[in-house]
Amino acid sequence: MKKLSIPYAIIIGSVFISLSLYFGHSVNRYSHIEGKQILDKKEGRIYLLDEKKYILKNGDVYQYE
């Protein structure tokens, strides 16, 4: 019984650490550029809130509702 508790502790600890790292990186995902423009750091999109559009890295412009 004592031999099985150490591997379970390692597995549970690694899952906990990986989940905390994953969710920790999404905290600072968005940042304001200027006015009503928001930059999505993960996707590389720039959201224009007043025009309801977003711009991708390659320059494509899309409308959203």
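Contact here means heavy atoms within 4.5 Å.

## Basis of the model

This is a predicted model, in which local features need pLDDT of at least 70, side-chain atom pairs count only at pLDDT 80 or more, and totals for chains, interfaces and linings use all residues. Residues are numbered from 1 along each chain as its sequence is written, and side-chain values use heavy atoms, with hydrogens and water left out.

## Isoleucine 46

Strand β3, residues 45-48, contains isoleucine 46; strands (E, at least two residues) and helices (H or I, at least four) are DSSP runs numbered from the N terminus. Leaving out residues up to four places away in sequence, isoleucine 46 touches Ile33, Ile38, Leu39, Lys53, Tyr54 and Ile55.

Isoleucine 46 has a relative accessible area of 27% and is therefore partly exposed. Buried means under 20% relative accessible area, exposed over 50%, and partly exposed in between (1.4 Å probe, protein chains only).

Leucine 19 belongs to helix α1, residues 2-25. Its relative accessibility is 44%, so leucine 19 counts as partly exposed.

## Aromatic rings

Rings of Phe, Tyr and Trp (its six-membered ring) pair if their centres lie within 6.5 Å; planes under 30 degrees apart count as stacked, over 60 as edge-to-face and the rest as tilted. The count is four aromatic pairs. Tyrosine 54 and tyrosine 64 form a tilted pair, 6.4 Å centre to centre with 35 degrees between the planes. This pair links distant parts of the chain, 10 residues apart: tyrosine 54 is in strand β4 (53-55) and tyrosine 64 in the segment after β5 (61-63).

Tyrosine 54 is buried at 16% relative accessible area, whereas tyrosine 64 is partly exposed at 27%. One aromatic cluster is formed by Tyr47, Tyr54, Tyr62 and Tyr64.

## Aspartate 40

Aspartate 40 sits in strand β2, residues 37-40. With a relative accessible area of 1%, aspartate 40 is buried. Beyond four places away in sequence, aspartate 40 touches Arg29, Tyr30, Arg45 and Tyr47.
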